[in-house]
Amino acid sequence: MAQNREKFSSFGALMAMAGSAVGLGNMWRFPYLVGERGGAAFILLYLVCMLLLALPIFLSESLLGRRAGSNCFGVFKNLPGGGKRWKWFGLLAVVTSMVIFSYYCVIGGWSVQYLLKALGFGFSKAASQAEIGEMFSSMAGGVWAPLIGFALFFISTAAIVQSGVKKGIERFGKVVMPALFFIVIGIAVYVCTLPGSLDGLRYLFIPDFSKITAATFADAMGQSFFSLSLGCGCIMPYSSYMNRDDNILSHSVGTAGIDLLFALVAGCAIMPAVFAFGVNPGSGPSLVYETLPFIFSRMPGGGFIAILFFVALLVAALTSSVSMMEVVVAFFIEEARLSRGKAVAVILVICCVIGTLCTLSFGPLSDVKIFSYTIFEACDKLTSNILMTAGALATVIFAGWILPKADFMDELTSSGKYSSTATLCSIARFLIRYVAPVVILAIFVMGLIG
Ligand code: TRP
(Lines give C-alpha, C1' and ligand atoms only; values in the text may rest on other atoms or scores of the structure.)
Protein backbone atom coordinates (compact mmCIF):
# COMPACT_ATOMS: atom_id res chain seq x y z
CA MET A 1 0.00 0.00 0.00
CA ALA A 2 2.78 2.39 0.94
CA GLN A 3 4.51 1.97 -2.44
CA ASN A 4 2.07 3.64 -4.78
CA ARG A 5 1.30 6.62 -2.57
CA GLU A 6 1.89 10.06 -4.02
CA LYS A 7 4.93 11.77 -2.46
CA PHE A 8 5.63 15.40 -1.68
CA SER A 9 8.92 16.97 -2.70
CA SER A 10 11.02 18.02 0.29
CA PHE A 11 10.10 21.71 -0.02
CA GLY A 12 6.51 20.74 -0.83
CA ALA A 13 6.31 18.72 2.40
CA LEU A 14 7.59 21.64 4.44
CA MET A 15 5.16 24.07 2.81
CA ALA A 16 2.23 21.67 3.25
CA MET A 17 3.04 21.18 6.94
CA ALA A 18 3.61 24.88 7.48
CA GLY A 19 0.34 25.46 5.63
CA SER A 20 -1.44 23.20 8.08
CA ALA A 21 0.15 24.91 11.06
CA VAL A 22 -0.20 28.53 9.94
CA GLY A 23 -3.84 29.47 9.96
CA LEU A 24 -6.53 31.21 11.94
CA GLY A 25 -4.59 30.05 14.98
CA ASN A 26 -1.77 32.46 14.11
CA MET A 27 -3.71 35.36 12.68
CA TRP A 28 -6.86 35.29 14.76
CA ARG A 29 -6.37 33.24 17.95
CA PHE A 30 -2.75 34.08 18.84
CA PRO A 31 -3.12 37.90 18.62
CA TYR A 32 -6.25 37.98 20.74
CA LEU A 33 -4.79 35.65 23.36
CA VAL A 34 -1.69 37.84 23.52
CA GLY A 35 -4.00 40.83 23.95
CA GLU A 36 -6.06 39.18 26.67
CA ARG A 37 -3.19 37.53 28.51
CA GLY A 38 -0.89 40.50 28.83
CA GLY A 39 1.51 40.52 25.89
CA ALA A 40 5.14 39.43 26.17
CA ALA A 41 4.70 37.22 29.26
CA PHE A 42 2.24 35.08 27.32
CA ILE A 43 4.59 34.89 24.34
CA LEU A 44 7.39 33.70 26.58
CA LEU A 45 5.28 30.89 28.02
CA TYR A 46 4.16 30.06 24.52
CA LEU A 47 7.80 29.64 23.45
CA VAL A 48 8.46 27.26 26.31
CA CYS A 49 5.36 25.19 25.46
CA MET A 50 6.30 25.04 21.81
CA LEU A 51 9.78 23.79 22.54
CA LEU A 52 9.14 21.31 25.35
CA LEU A 53 5.70 20.06 24.43
CA ALA A 54 4.28 20.90 21.03
CA LEU A 55 7.44 20.16 19.06
CA PRO A 56 7.90 16.66 20.58
CA ILE A 57 4.25 15.85 19.90
CA PHE A 58 4.62 17.09 16.34
CA LEU A 59 7.69 14.92 15.97
CA SER A 60 5.76 11.90 17.28
CA GLU A 61 2.91 12.39 14.81
CA SER A 62 5.36 12.88 12.01
CA LEU A 63 7.47 9.82 12.65
CA LEU A 64 4.47 7.59 13.24
CA GLY A 65 2.82 8.78 10.02
CA ARG A 66 5.87 8.13 7.87
CA ARG A 67 6.72 4.84 9.56
CA ALA A 68 3.24 3.47 8.90
CA GLY A 69 2.91 5.13 5.50
CA SER A 70 -0.75 5.64 6.16
CA ASN A 71 -3.50 7.78 7.67
CA CYS A 72 -3.92 8.01 11.44
CA PHE A 73 -6.18 4.95 11.69
CA GLY A 74 -3.56 2.88 9.87
CA VAL A 75 -0.85 4.22 12.21
CA PHE A 76 -2.49 2.84 15.33
CA LYS A 77 -3.68 -0.32 13.58
CA ASN A 78 -0.60 -1.41 11.63
CA LEU A 79 2.55 -0.29 13.44
CA PRO A 80 4.33 -2.80 15.75
CA GLY A 81 2.57 -2.71 19.12
CA GLY A 82 -0.62 -1.27 17.68
CA GLY A 83 -3.71 -3.16 16.61
CA LYS A 84 -7.04 -4.07 18.08
CA ARG A 85 -7.34 -1.67 20.97
CA TRP A 86 -5.09 1.10 19.71
CA LYS A 87 -6.89 1.51 16.41
CA TRP A 88 -9.84 3.15 18.18
CA PHE A 89 -7.60 6.12 18.94
CA GLY A 90 -7.02 6.40 15.21
CA LEU A 91 -10.74 6.47 14.64
CA LEU A 92 -11.18 9.05 17.39
CA ALA A 93 -8.65 11.27 15.62
CA VAL A 94 -10.65 11.01 12.39
CA VAL A 95 -13.86 12.00 14.18
CA THR A 96 -12.07 14.87 15.97
CA SER A 97 -10.74 16.18 12.66
CA MET A 98 -14.20 16.03 11.16
CA VAL A 99 -15.68 18.14 13.96
CA ILE A 100 -12.83 20.66 14.00
CA PHE A 101 -12.98 20.90 10.22
CA SER A 102 -16.72 21.64 10.35
CA TYR A 103 -16.45 24.52 12.79
CA TYR A 104 -13.18 25.84 11.33
CA CYS A 105 -15.08 26.29 8.03
CA VAL A 106 -17.58 28.51 9.87
CA ILE A 107 -14.83 30.93 10.93
CA GLY A 108 -13.26 30.57 7.47
CA GLY A 109 -16.65 31.58 6.06
CA TRP A 110 -16.58 34.79 8.09
CA SER A 111 -13.24 35.66 6.48
CA VAL A 112 -14.82 35.10 3.07
CA GLN A 113 -17.57 37.56 3.99
CA TYR A 114 -15.08 40.07 5.37
CA LEU A 115 -12.91 39.83 2.28
CA LEU A 116 -15.97 40.54 0.14
CA LYS A 117 -16.75 43.54 2.37
CA ALA A 118 -13.15 44.77 2.15
CA LEU A 119 -13.18 44.37 -1.65
CA GLY A 120 -16.22 46.66 -1.75
CA PHE A 121 -14.40 49.08 0.63
CA GLY A 122 -17.22 48.37 3.06
CA PHE A 123 -15.55 49.58 6.28
CA SER A 124 -16.66 53.18 6.07
CA LYS A 125 -14.91 56.07 7.81
CA ALA A 126 -18.25 57.38 8.99
CA ALA A 127 -19.05 54.27 11.01
CA SER A 128 -18.36 54.31 14.75
CA GLN A 129 -16.60 51.43 16.52
CA ALA A 130 -19.96 50.22 17.82
CA GLU A 131 -21.44 50.24 14.33
CA ILE A 132 -18.58 48.20 12.93
CA GLY A 133 -18.95 45.76 15.82
CA GLU A 134 -22.64 45.55 15.06
CA MET A 135 -21.76 44.67 11.45
CA PHE A 136 -20.04 41.52 12.73
CA SER A 137 -22.83 40.35 15.00
CA SER A 138 -25.47 40.92 12.37
CA MET A 139 -23.38 39.04 9.77
CA ALA A 140 -22.48 36.08 12.00
CA GLY A 141 -25.94 36.03 13.57
CA GLY A 142 -27.75 35.99 10.24
CA VAL A 143 -28.67 32.98 8.13
CA TRP A 144 -27.67 33.44 4.50
CA ALA A 145 -24.49 35.52 4.75
CA PRO A 146 -22.64 33.11 7.08
CA LEU A 147 -24.02 30.05 5.30
CA ILE A 148 -22.84 31.34 1.92
CA GLY A 149 -19.42 32.19 3.40
CA PHE A 150 -19.28 28.70 4.93
CA ALA A 151 -20.25 27.04 1.65
CA LEU A 152 -17.68 29.00 -0.39
CA PHE A 153 -14.90 28.21 2.07
CA PHE A 154 -15.90 24.59 2.31
CA ILE A 155 -16.10 24.09 -1.46
CA SER A 156 -12.72 25.77 -2.02
CA THR A 157 -11.14 23.39 0.50
CA ALA A 158 -12.81 20.40 -1.14
CA ALA A 159 -11.62 21.52 -4.59
CA ILE A 160 -7.98 21.62 -3.44
CA VAL A 161 -8.17 18.26 -1.66
CA GLN A 162 -9.98 16.71 -4.60
CA SER A 163 -7.12 17.71 -6.94
CA GLY A 164 -4.84 15.30 -5.09
CA VAL A 165 -1.77 15.27 -2.89
CA LYS A 166 0.72 16.69 -5.38
CA LYS A 167 -1.44 18.62 -7.79
CA GLY A 168 -3.74 20.01 -5.14
CA ILE A 169 -2.24 20.20 -1.65
CA GLU A 170 1.45 20.53 -2.53
CA ARG A 171 1.00 22.94 -5.41
CA PHE A 172 -1.34 25.21 -3.46
CA GLY A 173 0.96 25.29 -0.44
CA LYS A 174 4.09 25.99 -2.47
CA VAL A 175 2.51 28.98 -4.15
CA VAL A 176 0.53 30.57 -1.37
CA MET A 177 2.75 30.09 1.69
CA PRO A 178 5.63 32.29 0.47
CA ALA A 179 3.11 34.86 -0.86
CA LEU A 180 1.33 34.86 2.47
CA PHE A 181 4.57 35.53 4.27
CA PHE A 182 5.33 38.62 2.20
CA ILE A 183 1.82 39.99 2.60
CA VAL A 184 1.89 39.68 6.39
CA ILE A 185 5.43 41.12 6.64
CA GLY A 186 4.37 44.00 4.38
CA ILE A 187 1.40 44.84 6.58
CA ALA A 188 3.54 44.61 9.72
CA VAL A 189 6.18 46.96 8.31
CA TYR A 190 3.54 49.47 7.24
CA VAL A 191 1.70 49.33 10.57
CA CYS A 192 4.93 49.84 12.52
CA THR A 193 5.46 53.19 10.76
CA LEU A 194 2.20 54.59 12.16
CA PRO A 195 2.62 57.15 14.96
CA GLY A 196 2.09 55.53 18.37
CA SER A 197 2.84 52.01 17.14
CA LEU A 198 5.91 51.67 19.36
CA ASP A 199 3.73 51.02 22.41
CA GLY A 200 2.32 47.99 20.63
CA LEU A 201 5.80 46.59 20.04
CA ARG A 202 6.70 47.22 23.68
CA TYR A 203 3.57 45.34 24.71
CA LEU A 204 4.55 42.41 22.48
CA PHE A 205 8.18 42.14 23.50
CA ILE A 206 8.70 43.43 27.06
CA PRO A 207 7.32 40.86 29.51
CA ASP A 208 5.42 41.69 32.68
CA PHE A 209 5.94 38.56 34.79
CA SER A 210 3.10 39.37 37.15
CA LYS A 211 0.79 38.35 34.30
CA ILE A 212 1.87 34.69 34.48
CA THR A 213 -0.87 32.61 36.10
CA ALA A 214 -2.04 29.01 35.80
CA ALA A 215 -4.70 30.10 33.32
CA THR A 216 -2.11 31.87 31.15
CA PHE A 217 -0.08 28.70 31.16
CA ALA A 218 -3.04 26.54 30.16
CA ASP A 219 -3.90 28.95 27.35
CA ALA A 220 -0.32 29.00 26.10
CA MET A 221 -0.27 25.20 25.98
CA GLY A 222 -3.65 24.96 24.29
CA GLN A 223 -2.54 27.51 21.73
CA SER A 224 0.69 25.67 20.97
CA PHE A 225 -1.34 22.48 20.28
CA PHE A 226 -3.85 24.27 18.13
CA SER A 227 -1.25 26.16 16.20
CA LEU A 228 0.82 23.11 15.31
CA SER A 229 -2.36 21.18 14.37
CA LEU A 230 -1.78 18.53 17.04
CA GLY A 231 -3.97 15.89 18.62
CA CYS A 232 -6.14 14.79 15.73
CA GLY A 233 -3.72 13.00 13.48
CA CYS A 234 -3.45 15.93 11.10
CA ILE A 235 0.30 15.62 10.58
CA MET A 236 0.25 11.83 10.03
CA PRO A 237 -1.07 11.70 6.46
CA TYR A 238 1.19 14.59 5.43
CA SER A 239 4.23 12.81 6.85
CA SER A 240 3.21 9.63 5.11
CA TYR A 241 3.55 11.57 1.84
CA MET A 242 7.14 12.52 2.78
CA ASN A 243 10.11 10.81 1.20
CA ARG A 244 12.20 8.53 3.39
CA ASP A 245 15.25 10.64 2.58
CA ASP A 246 13.78 13.76 4.16
CA ASN A 247 14.83 14.61 7.66
CA ILE A 248 11.81 14.48 9.99
CA LEU A 249 13.63 16.39 12.71
CA SER A 250 14.54 19.34 10.52
CA HIS A 251 11.11 19.42 8.87
CA SER A 252 9.45 19.48 12.30
CA VAL A 253 11.72 22.20 13.64
CA GLY A 254 11.23 24.08 10.36
CA THR A 255 7.45 23.87 10.59
CA ALA A 256 7.41 24.97 14.23
CA GLY A 257 9.80 27.84 13.39
CA ILE A 258 7.69 29.06 10.47
CA ASP A 259 4.56 28.79 12.59
CA LEU A 260 6.11 30.81 15.39
CA LEU A 261 7.44 33.41 12.99
CA PHE A 262 4.00 33.85 11.45
CA ALA A 263 2.40 34.26 14.84
CA LEU A 264 4.95 36.92 15.83
CA VAL A 265 4.70 38.78 12.53
CA ALA A 266 0.89 38.66 12.71
CA GLY A 267 1.24 40.07 16.24
CA CYS A 268 3.42 42.87 14.83
CA ALA A 269 0.83 43.55 12.14
CA ILE A 270 -1.97 43.85 14.67
CA MET A 271 -0.82 45.05 18.11
CA PRO A 272 1.02 48.23 16.97
CA ALA A 273 -2.12 49.26 15.06
CA VAL A 274 -4.28 48.55 18.08
CA PHE A 275 -2.06 50.80 20.21
CA ALA A 276 -1.66 53.48 17.53
CA PHE A 277 -5.44 53.87 17.46
CA GLY A 278 -5.84 53.62 21.22
CA VAL A 279 -8.29 50.71 21.18
CA ASN A 280 -8.44 47.92 23.73
CA PRO A 281 -6.09 45.01 22.88
CA GLY A 282 -8.03 42.61 25.09
CA SER A 283 -11.28 42.44 23.15
CA GLY A 284 -11.03 38.65 22.76
CA PRO A 285 -12.18 36.56 19.78
CA SER A 286 -13.76 39.58 18.11
CA LEU A 287 -10.36 41.34 17.77
CA VAL A 288 -9.87 40.44 14.12
CA TYR A 289 -13.49 40.85 13.03
CA GLU A 290 -14.54 43.91 15.04
CA THR A 291 -11.54 45.86 16.30
CA LEU A 292 -9.38 45.55 13.18
CA PRO A 293 -12.00 46.63 10.62
CA PHE A 294 -12.54 49.74 12.76
CA ILE A 295 -8.80 50.44 12.68
CA PHE A 296 -8.68 49.81 8.93
CA SER A 297 -11.48 52.33 8.47
CA ARG A 298 -9.37 55.00 10.18
CA MET A 299 -5.91 54.14 8.84
CA PRO A 300 -4.42 55.94 5.82
CA GLY A 301 -4.66 53.42 2.95
CA GLY A 302 -6.69 51.19 5.28
CA GLY A 303 -9.01 50.06 2.49
CA PHE A 304 -6.15 48.30 0.73
CA ILE A 305 -4.60 47.00 3.92
CA ALA A 306 -7.98 45.48 4.80
CA ILE A 307 -8.08 43.64 1.46
CA LEU A 308 -4.54 42.32 1.93
CA PHE A 309 -5.24 41.31 5.51
CA PHE A 310 -8.41 39.37 4.73
CA VAL A 311 -6.82 37.70 1.69
CA ALA A 312 -4.01 36.56 4.00
CA LEU A 313 -6.46 35.38 6.67
CA LEU A 314 -8.47 33.43 4.12
CA VAL A 315 -5.50 31.78 2.45
CA ALA A 316 -3.93 30.84 5.78
CA ALA A 317 -7.23 29.33 6.89
CA LEU A 318 -7.58 27.39 3.63
CA THR A 319 -4.21 25.64 3.84
CA SER A 320 -5.14 24.55 7.38
CA SER A 321 -8.63 23.34 6.54
CA VAL A 322 -7.15 21.35 3.64
CA SER A 323 -4.99 19.45 6.13
CA MET A 324 -7.97 18.63 8.34
CA MET A 325 -10.01 17.39 5.41
CA GLU A 326 -7.10 15.27 4.19
CA VAL A 327 -7.10 13.34 7.51
CA VAL A 328 -10.60 12.15 6.81
CA VAL A 329 -10.14 11.72 3.05
CA ALA A 330 -7.01 9.59 3.56
CA PHE A 331 -8.95 7.48 6.06
CA PHE A 332 -11.82 6.80 3.64
CA ILE A 333 -9.46 6.15 0.72
CA GLU A 334 -7.22 3.74 2.61
CA GLU A 335 -9.61 2.02 4.99
CA ALA A 336 -12.90 2.05 3.06
CA ARG A 337 -11.22 1.85 -0.36
CA LEU A 338 -13.21 4.80 -1.72
CA SER A 339 -11.91 6.90 -4.60
CA ARG A 340 -10.68 10.41 -3.68
CA GLY A 341 -13.79 11.89 -5.28
CA LYS A 342 -16.18 9.69 -3.31
CA ALA A 343 -14.29 10.31 -0.07
CA VAL A 344 -14.58 14.06 -0.58
CA ALA A 345 -18.30 13.67 -1.31
CA VAL A 346 -18.94 11.68 1.88
CA ILE A 347 -17.21 14.35 3.96
CA LEU A 348 -19.09 17.11 2.19
CA VAL A 349 -22.34 15.56 3.34
CA ILE A 350 -21.31 14.86 6.96
CA CYS A 351 -19.50 18.14 7.58
CA CYS A 352 -22.18 20.21 5.88
CA VAL A 353 -24.64 19.01 8.50
CA ILE A 354 -22.33 19.75 11.47
CA GLY A 355 -21.10 23.02 9.91
CA THR A 356 -24.60 24.30 9.17
CA LEU A 357 -25.67 23.61 12.75
CA CYS A 358 -22.54 25.43 14.00
CA THR A 359 -23.17 28.39 11.68
CA LEU A 360 -26.77 28.75 12.75
CA SER A 361 -25.85 28.50 16.42
CA PHE A 362 -24.81 32.17 16.20
CA GLY A 363 -28.29 33.10 15.00
CA PRO A 364 -31.57 31.17 14.83
CA LEU A 365 -30.23 28.21 16.83
CA SER A 366 -28.55 30.29 19.52
CA ASP A 367 -31.02 29.00 22.11
CA VAL A 368 -30.17 25.35 21.50
CA LYS A 369 -27.77 24.50 24.34
CA ILE A 370 -25.71 21.42 25.10
CA PHE A 371 -24.63 21.66 28.78
CA SER A 372 -25.12 25.45 28.60
CA TYR A 373 -22.95 25.78 25.46
CA THR A 374 -24.21 26.68 22.00
CA ILE A 375 -23.60 24.05 19.32
CA PHE A 376 -20.49 25.88 18.09
CA GLU A 377 -19.08 26.30 21.59
CA ALA A 378 -19.83 22.67 22.41
CA CYS A 379 -17.92 21.47 19.31
CA ASP A 380 -15.01 23.74 20.21
CA LYS A 381 -14.87 22.72 23.90
CA LEU A 382 -15.35 19.03 23.18
CA THR A 383 -12.51 18.98 20.67
CA SER A 384 -9.99 21.36 22.20
CA ASN A 385 -10.45 20.44 25.87
CA ILE A 386 -11.08 16.72 25.58
CA LEU A 387 -10.66 15.01 22.20
CA MET A 388 -7.47 16.77 21.04
CA THR A 389 -5.78 16.32 24.39
CA ALA A 390 -6.74 12.65 24.44
CA GLY A 391 -5.42 12.30 20.89
CA ALA A 392 -2.12 13.98 21.75
CA LEU A 393 -1.73 11.76 24.84
CA ALA A 394 -2.38 8.59 22.83
CA THR A 395 0.13 9.75 20.22
CA VAL A 396 3.02 10.37 22.61
CA ILE A 397 2.38 7.19 24.60
CA PHE A 398 2.28 5.17 21.41
CA ALA A 399 5.40 6.80 19.96
CA GLY A 400 7.35 6.78 23.24
CA TRP A 401 6.30 3.56 24.95
CA ILE A 402 4.62 1.21 22.46
CA LEU A 403 6.59 1.62 19.25
CA PRO A 404 9.89 -0.26 19.69
CA LYS A 405 12.87 2.04 20.29
CA ALA A 406 14.66 0.67 17.22
CA ASP A 407 11.75 1.69 14.98
CA PHE A 408 11.58 5.10 16.66
CA MET A 409 15.25 5.86 16.10
CA ASP A 410 15.36 4.32 12.65
CA GLU A 411 12.53 6.53 11.45
CA LEU A 412 13.80 9.73 13.07
CA THR A 413 17.27 9.29 11.58
CA SER A 414 15.93 8.00 8.20
CA SER A 415 17.65 4.62 8.76
CA GLY A 416 20.89 6.16 9.91
CA LYS A 417 21.14 8.76 7.12
CA TYR A 418 20.98 11.50 9.72
CA SER A 419 22.87 9.68 12.44
CA SER A 420 24.55 12.95 13.45
CA THR A 421 21.21 13.96 14.98
CA ALA A 422 21.17 10.94 17.31
CA THR A 423 21.70 13.04 20.46
CA LEU A 424 18.87 15.38 19.51
CA CYS A 425 16.70 12.35 18.79
CA SER A 426 17.43 10.99 22.27
CA ILE A 427 16.45 14.31 23.85
CA ALA A 428 13.25 14.25 21.78
CA ARG A 429 12.59 10.69 22.94
CA PHE A 430 13.00 11.72 26.56
CA LEU A 431 10.57 14.60 26.12
CA ILE A 432 8.10 12.33 24.31
CA ARG A 433 8.28 9.56 26.94
CA TYR A 434 8.36 11.50 30.18
CA VAL A 435 7.62 15.22 29.89
CA ALA A 436 4.82 15.30 27.32
CA PRO A 437 2.51 12.63 28.84
CA VAL A 438 2.67 14.14 32.33
CA VAL A 439 2.02 17.68 31.16
CA ILE A 440 -0.72 16.65 28.74
CA LEU A 441 -2.43 14.65 31.47
CA ALA A 442 -2.29 17.73 33.70
CA ILE A 443 -3.97 19.88 31.02
CA PHE A 444 -6.50 17.16 30.41
CA VAL A 445 -7.54 17.10 34.05
CA MET A 446 -7.55 20.91 34.22
CA GLY A 447 -9.75 21.02 31.12
CA LEU A 448 -12.19 18.53 32.64
CA ILE A 449 -12.59 20.42 35.91
CA GLY A 450 -12.19 23.91 34.52
N1 TRP B 1 -3.06 24.93 13.05
C2 TRP B 1 -4.15 25.54 12.38
C3 TRP B 1 -4.20 27.03 12.76
O4 TRP B 1 -3.34 27.51 13.40
C5 TRP B 1 -5.46 24.91 12.66
C6 TRP B 1 -5.44 23.44 12.51
C7 TRP B 1 -5.17 22.71 11.40
C8 TRP B 1 -5.71 22.53 13.55
N9 TRP B 1 -5.28 21.38 11.70
C10 TRP B 1 -5.60 21.26 12.99
C11 TRP B 1 -6.03 22.69 14.87
C12 TRP B 1 -5.78 20.14 13.78
C13 TRP B 1 -6.22 21.59 15.65
C14 TRP B 1 -6.09 20.31 15.12
O15 TRP B 1 -5.12 27.69 12.41
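**Figure 1. Val176 in helix H8.** At 14% relative accessibility, Val176 is classed as buried, where buried means under 20% relative accessible area, exposed over 50%, and partly exposed in between (1.4 Å probe, protein chains only). Val176 belongs to helix H8, residues 165–192; helices (H or I, at least four residues) and strands (E, at least two) are DSSP runs, numbered from the N terminus. Between the C-alpha atoms of Val176 and Leu314 the distance is 11 Å, with 138 residues separating the two in sequence. The model is predicted, so local features need pLDDT of at least 70 and side-chain atom pairs count only at pLDDT 80 or more, while totals for chains, interfaces and linings use all residues. Residues are numbered from 1 along each chain as its sequence is written, and side-chain values use heavy atoms, with hydrogens and water left out.

**Figure 2. The shell around the ligand.** The ligand is surrounded by 18 residues, the closest being Ala21, Leu24, Gly25, Tyr104 and Phe226; a residue is near a molecule or strand if one of its heavy atoms lies within 4 Å of it. At least two shell residues come from each of helix H1 (10–21), helix H2 (24–36), helix H5 (87–119), helix H10 (214–227) and helix H14 (302–335). The shell comprises 10 nonpolar and eight polar residues, and no charged ones. In this classification Ala, Val, Leu, Ile, Met, Phe, Trp, Tyr, Cys and Pro count as nonpolar, Asp, Glu, Lys and Arg as charged, and the others, Gly among them, as polar.

Figure 3. Tyr104 places a side-chain N or O atom 2.6 Å from an oxygen atom of the ligand. At Ala21 it is a backbone N or O atom that lies 2.9 Å from a ligand oxygen atom. Ser229 has a polar side-chain atom 3.1 Å from a nitrogen atom of the ligand. The ligand taken alone exposes 370 Å², and the protein buries 100% of that; accessible areas come from the Shrake-Rupley method with a 1.4 Å probe, and for residues only the protein chains shown count as cover.

Figure 4. The largest cavity is the space that the ligand takes up. On a 1 Å grid over the protein atoms alone, a cavity is a set of points where a 1.4 Å probe fits but cannot get out. A molecule sits in a cavity if more than half of its atoms lie within 2 Å of its grid points.

Figure 5. Arg340 is in helix H15, residues 340–360, and counts as buried because its relative accessibility is 17%. Its side chain reaches the backbone oxygen of Val161 at 2.9 Å. Arg337 is located in the loop between H14 and H15. With a relative accessible area of 65%, Arg337 is exposed. The phi angle of Arg337 is near 55°, a positive value in a residue other than glycine.

Figure 6. Phe121 is found in the loop between H5 and helix H6 (129–140). Its phi is near 45°, a positive value in a residue other than glycine. Phe121 is partly exposed, at a relative accessible area of 47%. Ile132 is in helix H6 and is buried, with a relative accessible area of 1%. From Ile132 to Ile235 the C-alpha distance is 38 Å, and the two are 103 residues apart in sequence.

Figure 7. Ala394, in helix H16 (residues 375–402), is buried, with a relative accessible area of 4%. Its C-alpha atom is separated by 26 Å from that of Cys105, 289 residues apart along the chain. Lys211 occupies the loop between helix H9 (198–205) and H10. Lys211 is partly exposed, with a relative accessible area of 36%. Lys211 and Gly341 are 50 Å apart, C-alpha to C-alpha, and 130 residues apart in sequence.

Note on methods:
Polar contact = N/O pair within 3.5 Å; in protein donor to acceptor, adjacent residues only side chain to side chain. 1 Å grid on protein atoms, 1.4 Å probe; cavity = no way out; pocket = protein on both sides within 12 Å on 5 of 7 lines; lining within 4 Å.
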